[in-house]
Amino acid sequence: MPRRALLLHTRTHWLLLGLALLCTLVLFVYLLECAPQTDGNASLPGAVGETYGKEYYQALLQEQEEHYQTRASSLKRQIAQLKQELQEMSQKMRSLQEKRSGGANGLGYQGNKEPAPGDLLEFLHSQIDKAEVSVGAKLPSEYGVVPFESFTLMKVFQLEMGLTRHPEEKPVRKDKRDELVEVIEAGVEVINNPEEDEQQEEEEGPLGEKPSFSENDFVEGYYRTERDKGTQYELFFKKADLLEYRHVTLFRPFGPLMKVKSEMMDIARSVINIIVPLAERTEAFAQFMQNFRDVCIHQDKRIHLTVVYFGKEGLSEVKSILESVTSESHFHNYTLISLNEEFNRGRGLNVGARAWDQGEVLMFFCDVDIYFSAEFLNSCRLNAEPGKKVFYPVVFSLYNPAIVYANQDVPPPVEQQLVHKKDSGFWRDFGFGMTCQYRSDFLSIGEFDMEVKGWGGEDVHLYRKYLHSDLMVIRTPVPGLFHLWHEKRCADELTPEQYRMCIQSKAMNEASHSHLGMLVFREEIETHLHKQAYRTNSEAAG
């Protein structure tokens with residue numbers, strides 16, 4: 001048996017060797033037959049002495065084309081394989097993400113949409129960390145602020161208007177309308193379905209049940225977009241039968257909405273100290289007190305008024321106005337401080353802030369020509385937080401009613417002038433005098449600079465202090481805050497910079513672009529009307 005096996009193995013070895021030699025010989029003959037015949041005197045293609053014909057080049061081109069087609073087909077197959085592998089990897093990442101609870105840092109509100117891959121979520125959350133959402137950012141000047149724009153269920157209040165948009169308008173564009181609807185719905189979803197780690201006591205309804213919020217409970221919202229990070233939304237909800245507000249912050253980091261926080265805000269006992277510096281202008285103060293009586297005494301009822309009066313002239317009239325309004329309403333939460341010195345707005349607000357001796361309080365720095373609503377006072381409470389946020393609302397400044405209502409014999413009452421239209425007023429985005437901030441923040445930031453004299457500069461100086469701090473500055477137009485028109489006088493004692501600011505304010509405060517244009521071209525318009533009347537009379541006589 002071993003001999004036969006050895007013999008069989010030897011035969012097999014020689015048989016395989018013979019087959020290999022035969023294959024080698026066949027291959028050699030094939031190469032000889034397929035090789036092109038060469039001529040020792042022939043030149044390379046394209047060189048002098050070319051002997052190749054048209055058929056040769058066509059065959060060469062066809063060969064190259066087949067080669068590229070083969071290469072393209074190979075690349076397509078590789079791309080298809082890579083796509084398949086990428087889909088498989090994405091599916092694995094989704095499966096892993098579904099096992100995670102709530103995503104990174106517990107922030108991952110996605111609505112009913114499919115969760116994003118883990119690495120994408122990490123990137124989106126890094127966008128939240130970079131944006132000015134939870135903490136303030138130090139900014140170089142007032143021009144570095146990204147202001148909010150405010151909105152309700154039906155309207156948007158916007159700063160940038162150009163010559164075609166309006167300060168108050170319905171969101172006509174479908175993308176903007178859909179965006180705000182989605183955001184409000186997301187806020188409702190966050191409130192009604194809190195995450196397990198959100199330990200907060202829910203205020204019960206009248207029958208003891210847990211309140212369920214809807215879009216109709218939305219009060220107001222603010223949004224702003226940092227172009228390299230995303231859009232931030234601050235939403236406030238309140239049910240009519242509950243005292244507390246619900247505040248939801250959402251952030252769209254150029255991707256799905258992501259919940260930042262959801263909190264309950266109790267402002268029922270939040271007192272506002274309204275501080276008004278004043279010198280003369282007793283008629284304006286009487287009008288201010290009418291608004292104060294209607295809004296603060298009869299509606300809000302959580303207000304303290306501090307009036308800091310400069311000089312002696314008109315002081316008795318101011319006292320009389322205060323006593324008249326407060327006695328008939330049984331209101332005694334006010335303080336009148338008299339300073340026998342030249343008017344200085346910053347000095348008056350500093351004195352008014354320091355005069356409060358009852359601990360921490362929210363302050364609203366106000367002027368005598370400001371008209372505000374009860375809704376604004378709540379906005380003031382909702383957007384200022386000690387040690388974290390100060391509120392700088394953008395006031396809607398009304399134009400000269402004598403120009404706006406020139407076609408009427410008498411301008412309408414002030415209450416009827418409070419409308420957001422291009423020809424009635426503008427968002428005073430260069431003014432920083434009206435602000436809501438807590439007393440502790442105001443004192444720690446250094447108050448107003450007493451070196452600033454006269455008009456305007458002290459407001460910007462304080463505003464810049466907050467921008468340079470770690471506090472968040474909430475800057476947004478609010479519908480319930482109006483600056484009533486009054487004639488301005490720019491004093492000769494002002495510095496060139498202050499005088500320029502005063503003149504700029506005076507010009508912008510007078511009338512709209514179209515109304516000013518009508519005044520500029522009034523003579524031309526009258527000349528045209530005379531010509532038209534003359535032509536009509538001539539044709540009638542002829």
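Me: Leaving aside neighbours within four places in sequence, which residues is Pro477 in contact with?
Reply: This is a predicted model, in which local features need pLDDT of at least 70, side-chain atom pairs count only at pLDDT 80 or more, and totals for chains, interfaces and linings use all residues. Residues are numbered from 1 along each chain as its sequence is written, and side-chain values use heavy atoms, with hydrogens and water left out. Contact means heavy atoms within 4.5 Å. With neighbours within four places set aside, the partners of Pro477 are Phe148, Glu149, Ser150, Phe157, Leu159, Val394 and Trp427.

Me: Is Pro477 buried or exposed?
Reply: Pro477 belongs to strand β16, residues 472–483; helices (H or I, at least four residues) and strands (E, at least two) are DSSP runs, numbered from the N terminus. Buried means under 20% relative accessible area, exposed over 50%, and partly exposed in between, with a 1.4 Å probe and protein chains only. Pro477 has a relative accessibility of 0%, so Pro477 counts as buried.

Me: What separates the C-alpha atoms of Pro477 and Pro147?
Reply: Along the chain, Pro477 and Pro147 are 330 residues apart.

Me: What share of the contacts with a separation of 6 or more joins residues 24 or more positions apart?
Reply: The count covers contacts in the protein chain with a separation of 6 or more. Residues 24 or more positions apart account for a share of 72%.

Me: How many salt bridges does a search of the whole structure find?
Reply: Side chains of opposite charge can pair when their charged atoms come close. A salt bridge is a side-chain nitrogen of Lys or Arg within 4 Å of a carboxyl oxygen of Asp or Glu. Searching the whole structure gives a total of 21.

Me: Why are Lys176 and Glu179 separated by about one helical turn?
Reply: The two side chains meet in a salt bridge, 3.0 Å from N to O. Lys176 is partly exposed at 23% relative accessibility, whereas Glu179 is buried at 16%. Lys176 and Glu179 are about one helical turn apart because they are three residues apart in helix α4 (residues 174–192).

Me: Which residue forms a salt bridge with Glu182?
Reply: The closest N and O atoms of this pair are 3.1 Å apart. Glu182 lies in helix α4 and its partner in strand β6 (residues 245–252), so the pair ties together parts that are 70 residues apart in sequence. The partner of Glu182 is Arg252.

Me: Which residue forms a salt bridge with Asp300?
Reply: The closest N and O atoms here are 2.7 Å apart. The pair links distant parts of the chain, 81 residues apart, with Asp300 in helix α5 (residues 282–300) and its partner in helix α8 (residues 374–382). Both residues of the pair are buried. The partner of Asp300 is Arg381.

Me: How many of the nine residues of α8 are buried?
Reply: The buried residues of α8 include Phe376, Leu377, Cys380 and Arg381. Helix α8 is mostly covered, and the number of buried residues is eight.

Me: Which residues gather in a patch of negative charge on the surface?
Reply: Patches are made of residues with over 30% relative accessible area and no salt bridge; like charges are joined within 9 Å, and nonpolar side chains (Val, Leu, Ile, Met, Phe, Trp, Tyr) within 5 Å. Asp and Glu count as negative, Lys and Arg as positive, and His and the chain ends are not counted. One member sits in helix α6 (residues 315–329) and is partly exposed at 45% relative accessibility. The patch consists of Glu280, Glu283, Glu313 and Glu317.

Me: Where is Arg281?
Reply: Arg281 has a positive phi of about 50° although it is not a glycine. Arg281 is partly exposed, at 34% relative accessibility. Its place is the loop between β8 (272–278) and α5.

Me: Is His330 buried or exposed?
Reply: His330, not a glycine, has a positive phi of about 55°. Its place is in the loop between α6 and β10 (334–339). With 67% relative accessibility, His330 counts as exposed.

Conventions:
Accessible areas come from the Shrake-Rupley method with a 1.4 Å probe; for residues, only the protein chains shown count as cover. The place of a charge is taken as NZ of Lys, CZ of Arg, CG of Asp or CD of Glu.
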